[in-house]
Structures are given as structure tokens and as C-alpha cells.
Amino acid sequence: MANEASEVIQANNRRVATAKKAAALTTTNLQAAKISLEAARKALEAAQKAVEVAQKADDDATAELKDAEQAQEAVLSKWEVVDLVQEDGDDDEEEKLKHSKKRPCSEDDAEDASKKLRFDSDTPTEVIVKGCGTLEVNGTYKRNGVNCDAPQYSKEGQWKGEAVRIVIQRFITGQWYIRIEGRNIFFCRSEIKTFIPPSYGWNVRAHGVEPPPKITLNI
């Protein structure tokens, strides 16, 4: 009887020890699950903040583009185009004007006028951008046309794995921008209103990263 009782006690002790080990393992797994859950919660919060930042950047860029478009419309509304009509016997400009008609200036008219712009030897042929926190912005830009009666510069580049053209151009407001051509993505802006890209006064915009760029002009 004593031996049987001893064996029962030992068996019970083994079961208790096994149960304790299982409980300890369960506790460890529970703690690990809680840690994983907390990490997932923090990752979700970070993702939500990233979405909010991206949305704000897009909203800022949209508002900036809208302001520029409104400013352009306001400027165009102050100008008129005169279509000269020459009739028989009109030998001078005054006679031509008598038979000509005025009409509101359109964007096409403004673009045609810009294309007639002639650059002199002092207009830079290249713009070198360095030190910008947005690495895609850095590089050498070649003069490739005009925008709002000022020289425009561009370079080919990459943005989030996509081939794009990045331009330095002046808007109708007189402000200079570094942006992706044809896209609502603005990296930098300068409030300095000059005929050529200013070498100072640049700040980071919606899609840009600090610090702002340093600009060098090559004649």
C-alpha cells in the first residue's frame, strides 16, 4: 500500500510539474502575442500618419497649382489680342488697326508670344542643382524652351521608380518652381521674381525634403 501511495504521489507531482511548464509556456506565448499586437498597432498608426502626410502634401500641391492657375487667369484677363486685318489700301499700321478686332488673350496666345522670346548671350544655358534633400532634384538642367516669358530648364530623372522629366520653370505669378513636368508634384519654390532662375531664396514644397537646393547658373 505504501508503495502504491508513493507511486500515485509521484505521478501527481509529475502531472503538476507538466501543468506548470504548460502554464509557463502559455504565459510566454501570451506575452509574445501581446508584444506582436502592440507592434502591429504601432505599425498601423505609423501607416495612418504616413497616409495623412501624403494626403496633406497632395492637398498642398493641388492648392498651389490652383493658385497659380487662378493667377494666370487673372493676368490673361488683363490683356487683349489685336488681330490685324489688312484691307485694300491699308498701307500703314494705323489704317490696319482701324479694321482690326480685339479679343481676350488666351493661353495659346500667351504661349505663342513666349515662343517668340529670343535669348541673349547672358541667358544661362544650364542650371546646376546641388544639396537638395530631395535627391531626385539634384543634377544639371538644360535650357529647353520658355515658360511664362522666361527660360525653362529640364532634366530626365526618376520619381518613385517612374521615368519623369523634372523642370525648373517660372509661373505666371513670377515665382520659380522645381517640379515634375505635367504632374501636380512640386519639390521647391523661390519667391524671388527674376527673369532667370534665382540662386537663392529657395524653400521646400509639398513633395520636397529639407534642405532646399543650391543653384548655380552656367552661361
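This is a predicted model: local features need pLDDT of at least 70, side-chain atom pairs count only at pLDDT 80 or more; totals for chains, interfaces and linings use all residues.
**Notebook: serine 190 and the sheet around it**

Serine 190 lies in strand β8, which covers residues 186-190. I then asked which atom its side chain reaches, and found the backbone oxygen of tyrosine 200 at 3.2 Å. Leaving out residues up to four places away in sequence, I listed what serine 190 touches: Gln175, Trp176, Pro198, Tyr200, Gly201 and Trp202.

Next I turned to the sheet, where I counted eight strands in an open arrangement with the order β9-β8-β7-β6-β5-β4-β3-β10 and antiparallel pairing. I noted that β9 (202-204) and β10 (214-218) stand at the edges with a single partner strand each, so one side of each is left without a neighbour in the sheet. From one strand to the next, I read an average twist of 25°. Within the sheet I checked β4 (residues 139-147) against β5, and found the two antiparallel strands joined by five bridges; valine 146 stands opposite proline 151 in β5.

Last, I looked up the largest nonpolar core, which has 19 residues, and recorded Tyr141, Ile168, Ile178 and Phe187 as those with the most contacts inside it. I traced the elements that give two or more residues to this core, and they are β3 (126-130), β5 (150-159), β6 (162-170), β7 (176-180) and β8. For phenylalanine 187 I went through the contacts beyond four places in sequence, which include Val137, Trp159, Ile166, Ile178, Ile180 and Val204, and also Arg179, Asn203 and His207.

Terms used: Residues are numbered from 1 along each chain as its sequence is written. Side-chain values use heavy atoms; hydrogens and water are left out. Helices (H or I, at least four residues) and strands (E, at least two) are DSSP runs, numbered from the N terminus. A polar contact is a pair of N or O atoms within 3.5 Å; within protein, one must be able to donate a hydrogen and the other to accept it, and residues adjacent in sequence count only if both atoms are side-chain atoms. Contact means heavy atoms within 4.5 Å. A nonpolar core is a set of buried Ala, Val, Leu, Ile, Met, Phe, Trp, Tyr and Cys residues joined through side-chain atoms within 4.5 Å. Buried means under 20% relative accessible area, exposed over 50%, partly exposed in between (1.4 Å probe, protein chains only). Two strands pair if DSSP finds at least two bridges between them. Axes are lines fitted to C-alpha atoms, for helices over the stretch in contact, and angles run from 0 to 180 degrees between N-to-C directions.
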